[in-house]
Amino acid sequence: MKRVFLVDVLQCERCGGRMKIIATIHPPDNTRKILQCLGLASRAPPVAPAAFDYNYHMDLF
Ligand SMILES: [Zn+2]
């Protein structure tokens, strides 16, 4: 994240201090169960179809 997006996920947004990774959750089933238990969305939102721009005209050469 830091290399690609220049976001330091281990820096606290409130105080700027360093945070530690205390656990990782790997099986997607476990991740879903935890998110559902917390009342959070456990699925990515559906991908909307691309909007067609009626005003777009493609110039070919
Ligand atoms: Zn902090």
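These legends describe views of a predicted model of one protein chain.

**View 1. The whole protein chain.** The chain has two helices and zero strands. Its C-alpha trace spans about 55 × 30 × 20 Å along the principal axes. The radius of gyration of the protein chain is 20 Å, whereas a compact globule of 61 residues would have one near 10 Å. Buried residues make up 0% of the 61 residues.

**View 2. Helix 2 and the residue that follows.** Helix 2 covers residues 28–37. How many of its 10 residues are buried? The number is zero, so helix 2 lies largely in the open. To count as buried, a residue needs 20 or more other C-beta atoms within 10 Å of its own. Just after helix 2 comes G39, with a positive phi of about 75°.

**View 3. L6 in the loop.** L6 sits in the loop between helix 1 (2–5) and helix 2. Its phi is positive, about 60°, although L6 is not a glycine. Most residues other than glycine have a negative phi. Is L6 buried or exposed? L6 has 7 other C-beta atoms within 10 Å, so it is exposed. The cut-off for exposed is 12 or fewer.

**View 4. G16 and A41.** G16 also belongs to the loop between helix 1 and helix 2. Around G16 there are 8 other C-beta atoms within 10 Å, so G16 is exposed. Where does A41 lie relative to G16? The two are 25 residues apart in sequence. In space, they are 28 Å apart, C-alpha to C-alpha.

Definitions and conventions. Residues numbered from 1 in each chain as written. Predicted model: local features only at pLDDT ≥ 70, side-chain atom pairs only at ≥ 80, totals over all residues. Helix = DSSP H or I, 4+ residues; strand = E, 2+ residues; numbered from the N terminus. Rg over C-alpha atoms; globule rule 2.2 N^0.38 Å.
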